[in-house]
Amino acid sequence: MSLQVESLLGIIVFLPLLGAVINGLAGKKLGKGVVTFVGCATVGVAFVAALFAWLHLKSGQQPFHWLAWNWIDAGSLHVNLEYYFDHLSALMTLVVTGVGFLIHVFSVGYMGEDKSYYRYFAYLNLFMFSMLNLVLGSNMVVMFLGWEGVGLCSYLLIGFWFDDDLKAQAGQKAFIVNRIGDFGFLIGMFLLLFYADGTVDYLQLQSLFSDQAREVGTLPLRDSLTITAICLCLFVGACGKSAQIPLYVWLPDAMAGPTPVSALIHAATMVTAGVYMITRLNFLFMLSPIAMATIATVGALTAIFAATIGIVQRDIKKVLAYSTVSQLGYMFLGVGVGAFGASVFHLMTHAFFKALLFLGSGAVIHAMHGEQDIFKMGNLRKLLPITHITFLIGTIAIAGVPGFAGFFSKEAILHGSAGLGLTTDVALTGPWGLSEYAGVFAGWFQVLTVVGLVAALCTAFYMFRLYFVTFWTDYRGDRHSWDHPHKPGFAMEIPLMVLAVLSIVGGYFPVSDWLAPILSRPAQLLVENHDSALSHMLMPISITVACIGIVAAWFLYVGPGRRLPSLFASRLSWLHTVVFNKYFVDELYHGMIVRPVQVVAQALFLVVDRVVIDGIGVRGAPWVVAMTGRMIRFVQNGEVQRYAVAMVVGLAVLVYFLK
Amino acid sequence: MSGIPLSWWLTLGTVLFGVGTIGVLTRRNALVVFMSIELMLNAVNLILLAFARQRGDEHGHVLAFFIIAVAAAEAAVGLAIILSVFRHKRSVNLDDVRALKH
Amino acid sequence: MAADLAHLSPLLIVCCVGLGILLLDVFADPKQPKTFIGYVAVVGLLVALAATGWLFATGGVLLTQPYFAVALTLDPFALFGFALILVVAILTTLASVHYLPSQRCEWGEYYSLVVFASLGMMVMVAAADLITMFVGLEIMSVAIYVLAGFKRQSPFAIEAAMKYFFLGAFATGFLLYGLAFVYGATGSTNLNVVAEHFAKNDPGLYGIVIVIMMIVAFGFKIAAVPFHMWTPDVYEGSPSPIAGLMAGGVKTAAFLALARVFLTAFGGADFENLAISWREVFYWLAILTMTVGNILAVVQQNVKRMLAYSSISHAGYILIGIVASRSVDGGAVAGSGLFFYLLAYALSSVGAFAVVSMLGKDGEEDITYGNLAGFAYRHGFAALCMVIFMASLAGIPPTAGFLGKYLVFTDALAATHMNLLPLVLVAVVNSMIGVYYYLKVIVFMYMREPRREFETIRSVPMGIAFGLAALVVVVCGSFPDTTIRWSAKAATGNPSADSAISAASVIDVPAPVATTAK
């Protein structure tokens with residue numbers, strides 16, 4: 001029995017690779033039907049296999065390993081291509097293969113007319129393979145393999161329509177920003193490797209950095225500064241992959257890729273790799289309160305920052321992109337306060353509802369002949385009833401309405417944050433005891449919780465703004481699209497319905513309890529000690545906040561707020577022309593509420609996003625390299641004697657230092 | 001002759017080597033540069049022979065012969081290359097040969 | 001005696017092959033294509049490779065005749081180098097057979113020059129004596145000077161040959177100056193005798209002169225900054241397969257010779273006690289080399305120049321392997337990552353240059369990025385191989401290049417004699433920059449529409465050359481156990497270290513004591 005269970009991991013990981021190879025090498029000749037079958041079936045079977053493996057784990061069996069092959073087995077060096085199925089990787093695998101399968105099915109309809117259909121499926125399958133390596137790998141090297149692999153696939157898929165220059169540039173940008181992140185990740189990894197004496201396996205690392213080791217004093221490294229440095233380096237990597245401040249800029253641009261790709265890679269799976277990585281290494285991060293506080297702060301700031309930008313976007317996919325950045329911020333807030341279970345919980349529910357929203361937006365864009373501006377849509381509930389209902393469910397779920405998935409997970413994160421703030425009597429001591437952590441940063445976590453609540457308000461507002469403007473009000477686009485929409489077929493609607501169901505029931509899965517076994521002892525203690533005044537009041541507050549957001553959106557975009565001007569205009573025509581004309585009321589609302597937010601958001605967007613990060617970070621670093629290169633290369637002027645001079649100068653320097 | 005201490009020979013060799021080096025760096029005529037390189041090699045020969053004399057064994061002499069032989073082979077190839085340069089450029093000035101750069 | 005000759009068979013076979021095909025060319029019909037000479041060379045080199053494999057399997061051999069034993073060491077270290085050099089030479093020859101006619105420079109001596117250059121490299125890595133090493137180096141260099149300018153109707157090729165020649169001869173001058181002082185200080189040029197001498201005596205001022213001069217000379221051959229400036233010009237002007245031979249073969253030989261000389265002869269503790277030990281010099285050279293190489297590679301428009309700068313940056317990574325290596329008992333080299341890296345790097349670059357060789361026709365070459373646009377649609381297989389080489393050079397798994405980096409970096413992190421963590425971090429940052437320009441090649445091949453038709457060479461042997469290289473790169477990256485074991489064997493097995501000393505003392509090596517001049 002156990003043999004069979006272990007080999008399930010092989011099926012899960014390598015079937016998608018097989019699919020990628022078949023489609024990539026022979027896809028052109030195989031024809032569409034076979035490509036579709038190979039592309040979807042491999043992922044589908046992987047999902048079923050993952051279900052079996054999960055059931056096995058759920059029945060109380062131990063986590064298990066599967067050794068694919070002894071990659072390096074020479075002398076003292078052992079690196080295996082090995083996979084490990086425990087509670088965390090089980091959950092991630094289910095999400096990746098499950099959502100991945102639905103998105104594959106959706107793609108059949110969405111990409112049906114593309115000329116590079118087979119190439120698309122080959123890349124998508126390759127992505128699944130890389131992602132599964134990332135989440136299932138039993139050591140850092142396999143994770144790195146997956147980490148680079150998903151980056152590469154993301155790059156390939158963003159620039160999928162490479163004849164379009166702008167889209168190729170978006171791919172480039174994603175690539176460069178991810179490189180910057182990967183600097184951090186790799187440096188962190190090598191530092192860890194250095195101090196852990198070449199250990200790369202998670203389980204061995206966990207015992208090296210365990211709480212017992214800390215108490216006995218056998219930790220591989222003695223000073224908290226180094227541990228903090230390692231954690232922060234790894235976190236920089238996570239920022240790149242998971243689009244956190246300041247490395248989030250690539251994600252909105254990545255929307256240039258096909259919409260199912262945005263759903264799969266840039267919403268549900270790849271961008272959560274950072275959260276997964278930190279959760280996987282929770283034993284390490286728990287040793288550095290400073291790193292944890294930094295993560296929480298960056299997460300909360302990203303959440304609010306991206307949410308405010310989301311308010312002013314017009315492009316349906318851009319709204320969802322900023323929303324993704326913002327939700328990822330929540331997840332980082334969660335891991336930063338030690339609520340690892342809650343974060344992964346949110347990761348899962350977010351995968352459901354954000355994939356749903358992206359696929360829904362894909363259906364809308366498909367129906368509207370590629371139109372992405374929501375102000376050129378409207379009233380689409382008449383055209384696309386199923387898309388409308390499912391999209392509504394997704395919107396409710398993300399807005400945090402009780403009973404839907406997003407509510408529970410977001411609540412769990414905020415609860416973790418608020419609870420940590422007032423916990424001072426955690427019974428832990430030692431050099432980096434948690435009581436210090438909770439004590440020093442107590443007030444700060446309260447602030448972060450409030451920030452999270454405000455971000456929740458924004459989220460509810462802009463998501464319902466998106467929903468109302470797209471599906472209600474009057475149609476404002478061109479007639480042709482309205483008269484001849486591309487109605488979504490079953491291949492597109494069924495994934496939507498399945499995801500809608502998951503967006504409702506996903507919240508009832510006890511993820512935090514499920515994940516308890518993989519957490520280190522300090523992390524578990526932290527979870528058990530959550531309790532504060534704020535956390536008791538949290539639920540009513542966040543429900544209120546969600547309602548305010550929804551009502552405000554309704555009021556401004558479909559409700560009386562919109563009708564008010566025309567009402568005045570008909571009754572008091574003189575006043576209409578003088579004071580209460582439509583624009584004035586608009587101006588009033590906008591001037592009082594929307595405008596300031598917009599201005600601030602726009603300013604932030606322009607200054608931070610375009611100038612600081614885009615200008616200095618994304619273009620700056622390569623620019624510095626290129627400029628330095630251009631300057632140095634003129635030393636190389638082609639004169640053979642100058643080359644000889646360089647050698648003699650080198651010699652002289654050597655003489656100077658060695659004499 | 002035998003009374004001249006080793007350090008004098010070494011100094012002379014090093015000075016000759018330096019002269020050769022400076023010649024390589026400063027002269028523009030390919031043939032002169034080539035001669036400067038030969039000067040460097042012969043400076044080394046001088047140093048070797050000085051060491052050999054001081055030690056009273058033949059190793060240094062053998063070494064010097066190796067160097068002379070190899071220098072001859074290099075000279076053959078080097079002069080051929082300079083000739084090719086002249087065929088292309090009608091000049092053996094090194095400043096004229098700088099198409100490959102940056 | 002007979003056993004020694006059998007053991008020297010790799011060298012003897014290569015020498016005979018070189019002479020044989022030279023004669024073959026003389027008696028061949030001048031109007032017929034010379035392709036068959038290339039094939040004869042390949043067969044001959046394969047025989048030499050088989051002989052090397054046989055010797056490697058036996059774990060290295062001891063030469064019994066004293067006059068061989070003082071000159072050459074056939075330990076696994078050398079045999080690993082032989083195998084690598086022979087493979088590079090075979091791939092170069094295969095890539096050349098149709099390249100030469102297309103460039104209108106098909107003369108038969110090309111092949112014998114390639115074979116002689118390989119012979120020189122092999123002598124270099126097997127040298128137990130600085131004189132042998134010097135002779136090997138010159139056999140190699142003189143052949144390469146000619147090969148660099150082999151397209152003699154092209155002014156660029158002649159310029160490349162001239163630059164390489166002048167600077168190479170210049171560097172030789174420094175090597176000999178250092179060598180003279182080795183002799184002056186120790187009375188011998190045998191590496192083991194030198195090591196023994198320096199183990200007992202303080203190297204002093206002579207030591208400094210020796211180390212400086214050797215670093216300059218080797219720095220030139222391995223193209224370490226600031227001794228690197230010839231590299232891009234020479235690679236650009238030379239025939240592309242020869243650029244591959246230089247990047248893959250010459251550099252391998254130079255690195256192995258450097259490792260042997262420094263770790264054996266100057267590995268003693270006293271050399272660590274100089275104001276700055278040579279390890280520290282290489283430490284800084286490594287940082288400078290990889291950074292400058294990478295930065296300049298980013299701004300290149302010509303793929304051959306880019307590959308040249310990339311080879312410079314790789315020299316920096318390989319230097320990390322040298323710095324991380326430790327002398328064990330003044331003989332063996334510790335750190336198998338160095339060997340694995342050399343293998344990965346040599347095959348990837350020779351393969352990349354073989355692919356680049358396709359981009360020529362009728363005496364012309366166009367090797368700018370623009371000409372790679374849409375390459376994948378016309379030459380799917382070649383483009384796929386190029387992707388593998390670029391991935392390997394960039395250090396992306398599952399290619400050999402990734403493992404090479406991984407092994408070298410872990411060697412460096414495990415080093416106890418120096419803290420190499422900063423060096424590794426710099427290297428990591430650099431390899432990140434490197435990915436940019438390697439990926440640029442892939443982007444141009446796969447994601448750009450072809451701008452205009454540029455004729456390319458379609459050649460089966462060339463395809464075999466880069467196909468084989470790509471296969472080895474992938475296999476070594478995915479199933480590296482055997483290769484790592486070989487590397488470890490090459491790194492630690494040094495059976496002849498002691499015997500060479502005893503053999504050296506059999507014949508008349510004077511005691512390293514200064515006698516007064518007459």
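## Helix H3 of chain B

In H3(B), the buried residues are His59(B), Gly60(B), Leu63(B), Ala64(B), Ile67(B), Val70(B), Ala71(B), Glu74(B), Gly78(B), Ile81(B), Ile82(B) and Val85(B), in what is throughout a predicted model.

The length of H3(B) agrees with expectation, because 31 residues at 1.5 Å a residue should span 45 Å and the end C-alpha atoms of H3(B) are 44 Å apart. Arg90(B) is placed in the segment after helix H3 (59–89) of chain B, and Arg90(B) is exposed, with 8 other C-beta atoms within 10 Å.

## Chain B as a whole

The secondary structure of chain B consists of 3 helices and 0 strands, and from the N terminus on its elements run α-α-α. For 102 residues, a compact globule would have a radius of gyration near 13 Å, whereas the value for chain B is 17 Å. The C-alpha trace of chain B spans about 50 × 25 × 25 Å along its principal axes.

Of the 102 residues of chain B, 36% count as buried. Among contacts in chain B between residues at least 6 apart in sequence, 46% join residues at least 24 apart.

## Chain C: overall form

Chain C contains 25 helices and 4 strands. Its radius of gyration is 22 Å, close to the 24 Å that the globule rule gives for 518 residues, and chain C is therefore as compact as a globular protein of that length. Along the principal axes, the C-alpha trace of chain C spans about 75 × 55 × 40 Å.

Buried residues make up 70% of the 518 residues in chain C. Of the contacts in chain C with a separation of 6 or more, 81% are accounted for by residues 24 or more positions apart.

## Chain C: local features

Helix H24 (residues 481–492) of chain C has 12 residues, and the distance from its first C-alpha to its last is 16 Å, close to the 16 Å expected at 1.5 Å a residue. The buried residues of H24(C) are Thr483(C), Ile484(C), Trp486(C), Ser487(C), Ala488(C), Ala490(C) and Ala491(C).

Most residues other than glycine have a negative phi, and most peptide bonds are trans. Against that background, two places in the backbone of chain C deserve a note. A cis peptide bond, with omega of about 5°, joins Val225(C) and Pro226(C), and Pro226(C) lies in the loop between helix H11 (204–222) and helix H12 (230–237) of chain C. Arg104(C), although not a glycine, has a positive phi of about 55°; Arg104(C) is found in the loop between helix H6 (99–102) and helix H7 (109–126) of chain C, and with 12 C-beta neighbours inside 10 Å it counts as exposed.

## A helix pair in chain A

Helix H3 (residues 87–110) of chain A packs against helix H4 (residues 117–136) of chain A at an angle of about 170°, with the two axes 10 Å apart, which means that H3(A) is roughly antiparallel to H4(A). From H3(A), the residues Ser89(A), Met92(A), Thr93(A), Val96(A), Gly100(A), His104(A) and Ser107(A) meet Leu124(A), Met128(A), Met131(A), Leu132(A), Val135(A) and Leu136(A) of H4(A). By class, this contact of H3(A) with H4(A) has 8 nonpolar, 5 polar and no charged residues.

## Interfaces of chain A

In the contact between chain A and chain C, 43 residues of chain A are in contact with 47 residues of chain C. On the side of chain A that touches chain C, the elements that give two or more residues are strand E1 (64–74), helix H5 (140–158), helix H6 (165–195), helix H28 (582–633) and helix H29 (640–658) of chain A. The largest share of that side, 12 residues, comes from H29(A), and the residues of the side divide by class into 27 nonpolar, 9 polar and 7 charged.

The contact of chain B with chain A takes 9 residues from chain B and 11 residues from chain A. The residues on the side of chain B that touches chain A divide into 5 nonpolar, 2 polar and 2 charged.

Definitions and conventions: Residues are numbered from 1 along each chain as its sequence is written. Chains are lettered from A and ligands numbered from 1 in the order in which they are written. This is a predicted model: local features need pLDDT of at least 70, side-chain atom pairs count only at pLDDT 80 or more; totals for chains, interfaces and linings use all residues. The expected span of a helix is 1.5 Å times one less than its number of residues. A residue is buried if 20 or more other C-beta atoms lie within 10 Å of its own, exposed if 12 or fewer, and partly exposed in between; C-beta atoms are placed from the backbone. Two residues are in contact if their C-beta atoms, placed from the backbone, lie within 7 Å. Ala, Val, Leu, Ile, Met, Phe, Trp, Tyr, Cys and Pro count as nonpolar, Asp, Glu, Lys and Arg as charged, and the others, Gly among them, as polar. The radius of gyration is taken over C-alpha atoms; the globule rule is 2.2 Å times the number of residues to the power 0.38. Axes are lines fitted to C-alpha atoms, for helices over the stretch in contact, and angles run from 0 to 180 degrees between N-to-C directions. Angles under 35 degrees count as roughly parallel, over 145 as roughly antiparallel, 65 to 115 as roughly perpendicular and the rest as oblique.
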